[in-house]
Amino acid sequence: MTEKFIFEDERRDMARVAHLFFDRDRTNVAGGNISEKSFDYGDIHIEAGHPYIIMTPTMMSEAWFGDLEAAQILVVDLETGKKIDGAGRLTREINLHEEAYRADPNITVVYHSHAPKSMFWATIGQDEPNVTEITRVQLGLGNIKCLPYREACTKDLADIVYEELKARNGQVDNMFLLNSHGVLITSNDLHRAAMTLETSEWNAEIAYKEAIFKKLGLIDSYKSCGEDIK
């Protein structure tokens, strides 16, 4: 029987999610990255209770079109930022993930994407109206805020993400827009984060159509769950 490599099950799952969501047009060849925090990987330990993240490598979209093997998913020491396993290089956007984990210890998944319909709202620098029942009620995302523009991969962008999460007072499931850049989703479950990305793309398109109806005077406000919303 072949011995498993470290975090094998989690890395296989992440590779599958990355591939499926690239094929579903939930990011583009310009990037996107996913990470998940863990404290344990079976019988092999560097330090009990020590935090690690598993994470997609840089160029996962540009070079691999999301079609990754589990061994390409990286294992990173969260405290030092050092890669300890995986066939690939760390993305420069790891600072976004590190600051999200630092902001709230209950966050265990960070999902960054260039989802095209949400990118419409991010590019115009406006909050995305939250109008669908699943995003508004079942996922409880609240206001889908667009953060002020900060250049990609910079400490300024990582810092503004940290401050936004701290201000949410322990809310684990979050989605917000990175101005002109994409979306950032946090959760404590990879599949829940993927669900948020999938359903928020539907929400972005429906909100866009409601915005057109508002401009045409066919409705006087955004509509959701049988009531008017701002």
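Modeller: Strands are DSSP runs of E with at least two residues, helices are runs of H or I with at least four, and both are numbered from the N terminus. The model is predicted, so local features need pLDDT of at least 70 and side-chain atom pairs count only at pLDDT 80 or more, whereas totals for chains, interfaces and linings use all residues. Residues are numbered from 1 along each chain as its sequence is written, and side-chain values use heavy atoms, with hydrogens and water left out.

With 6 of the 6 residues of E1 (residues 33-38) buried, the strand is largely enclosed by the rest of the structure. Strands of a sheet pair through backbone hydrogen bonds, either parallel or antiparallel. E1 runs antiparallel to E5 (residues 109-113), joined by 4 bridges; pairing requires at least two bridges found by DSSP. E1 also runs antiparallel to E2 (residues 52-55), again through 4 bridges. Glu36 has a place in each pairing: Val109 stands opposite it in E5, and Ile54 is its bridge partner in E2. Ser35 has Met55 as its bridge partner in E2.

E2 pairs with E3 in the antiparallel sense over 4 bridges, where Tyr52 stands opposite Asp77 of E3.

These strands belong to an open sheet of 8 strands with mixed pairing, in the order E4-E3-E2-E1-E5-E8-E7-E6. Strand E4 (83-85) and strand E6 (146-147) stand at the edges with a single partner strand each, so one side of each has no neighbour in the sheet. E3 (residues 74-77) and E4 pair in the antiparallel sense over 2 bridges, and the bridge partner of Val75 in E4 is Asp85.

Helix H3 (residues 116-124) packs on the sheet and touches E6, E7 (174-178) and E8 (182-187), a contact being heavy atoms within 4.5 Å. The direction of H3 makes about 60 degrees with that of E7, using lines fitted to C-alpha atoms, for helices over the stretch in contact, with angles from 0 to 180 degrees between N-to-C directions.

H3 holds Phe120, which counts as partly exposed at 34% relative accessibility. Phe120 and Ala30 are 90 residues apart in sequence and 16 Å apart in space, C-alpha to C-alpha. Ile124 also lies in H3 and is partly exposed at 41% relative accessibility. Phe120, Ile124, Tyr208, Ile212, Phe213, Leu216 and Leu218 make a nonpolar surface patch of about 660 Å². The elements giving two or more residues to the nonpolar patch are H3 and helix H6 (190-216), and the largest share, 4 residues, comes from H6. Patch residues have over 30% relative accessible area and no salt bridge; nonpolar side chains (Val, Leu, Ile, Met, Phe, Trp, Tyr) are joined within 5 Å, like charges within 9 Å. Areas come from the Shrake-Rupley method with a 1.4 Å probe, and a salt bridge is a Lys or Arg side-chain nitrogen within 4 Å of an Asp or Glu carboxyl oxygen.

How values were computed. Buried < 20%, exposed > 50% of the residue type's maximum accessible area, 1.4 Å probe, protein only.
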